[in-house]
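Please look over the chain below before reading on.

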Amino acid sequence: MRFETFKQGHLRVFITKQELSVHDVRPETLAVGKGQDLLRNLLEEAESNFGFHAVGTLEFFVTFFPNDGMLVDVRREGELPEETFDEFDQVEIRMTVDIVHHVLYQLEEFEDVIQASHGLLRHVPMTETGGALYYFEGRYYLYFEERMAEALERTITTVLSEYGVPSAKSPLAMAEYGKTLQRADAIKMIAGTFSV
């Protein structure tokens with residue numbers, strides 16, 4: 001588990017596909033059995049390492065990336081009670097699960113975009129759009145809107161994971177509030193313009 005963000009009452013964790021496989025957790029098993037055990041372990045680790053107390057109402061927003069893993073965004077409603085915490089405190093959990101079939105990766109530097117584009121160039125003819133490139137909140141995003149064949153998606157996400165991380169951000173928000181640097185054929189354009 002990689003804890004990406006921790007603020008008072010807000011926790012964001014990425015769990016790799018390998019970790020999900022070890023725990024035998026899939027979208028349909030998240031709310032029962034081993035899925036519950038994994039979420040319990042997540043909350044226990046968050047409490048021991050970051051002081052995040054699982055009390056009151058917790059909202060779980062879970063985004064599954066079939067080839068990468070799962071992003072868990074946990075938000076606690078309201079303020080912590082003044083009294084000391086009891087191991088028998090009542091916790092209400094609300095969960096929203098989304099399965100993402102498009103490919104969207106966040107890359108920190110433009111150099112990462114160039115490197116990833118050269119790595120993807122020979123695979124791009126098999127995609128419909130050739131990829132879009134956005135700049136949003138100080139980072140670059142490569143986006144493939146279409147649903148791909150499983151082997152192609154796995155290849156593309158493997159290359160992208162060398163240079164960035166999967167993103168649960170909305171491509172619509174990026175298109176509206178960020179800068180659209182290239183709407184289609186971004187990989188071909190970047191690899192053709194910039195050498196490595």
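How are helix 3 and helix 6 oriented to each other: roughly parallel or roughly perpendicular? In this predicted model, helix 3 (residues 110–120) packs with helix 6 (residues 186–193) at an angle of about 110°, and their axes are 8 Å apart. Since angles from 65 to 115 degrees count as roughly perpendicular, helix 3 and helix 6 are therefore roughly perpendicular to each other.

**Helix contact**
- On the side of helix 3, the contact is made by Val 113, Ile 114, Ser 117, His 118 and Leu 120.
- Helix 6 contributes Ile 187, Ile 190 and Ala 191 to this contact.

**The chain as a whole**
- The secondary structure comprises six helices and 10 strands, and the C-alpha trace spans about 60 × 30 × 25 Å along its principal axes.
- Among contacts in the chain with a separation of 6 or more, 73% are accounted for by residues 24 or more positions apart.

- Phe 3 is located in strand 1 (residues 2–7), and it counts as buried because its relative accessibility is 18%, where buried means under 20%.
- Leaving aside residues up to four places away in sequence, Phe 3 touches Leu 11, Arg 12, Val 13, Leu 42, Glu 45, Ala 46 and Phe 50.
- Phe 3 and Val 72 are 69 residues apart along the chain, yet 9.5 Å separates their C-alpha atoms.

**Residues with a positive phi**
- Most residues other than glycine have a negative phi, which is the background for the two residues described next.
- Glu 137, although not a glycine, has a positive phi of about 50°; Glu 137 lies in the loop between strand 7 (132–136) and strand 8 (139–144), and at 56% relative accessibility it counts as exposed.
- Asp 185, also a residue other than glycine, has a positive phi near 55°; Asp 185 is placed in the loop between strand 10 (179–182) and helix 6, and with a relative accessible area of 41% it is partly exposed.

How values were computed. Residues are numbered from 1 along each chain as its sequence is written. This is a predicted model: local features need pLDDT of at least 70, side-chain atom pairs count only at pLDDT 80 or more; totals for chains, interfaces and linings use all residues. Side-chain values use heavy atoms; hydrogens and water are left out. Helices (H or I, at least four residues) and strands (E, at least two) are DSSP runs, numbered from the N terminus. Contact means heavy atoms within 4.5 Å. Axes are lines fitted to C-alpha atoms, for helices over the stretch in contact, and angles run from 0 to 180 degrees between N-to-C directions. Angles under 35 degrees count as roughly parallel, over 145 as roughly antiparallel, 65 to 115 as roughly perpendicular and the rest as oblique. Buried means under 20% relative accessible area, exposed over 50%, partly exposed in between (1.4 Å probe, protein chains only).
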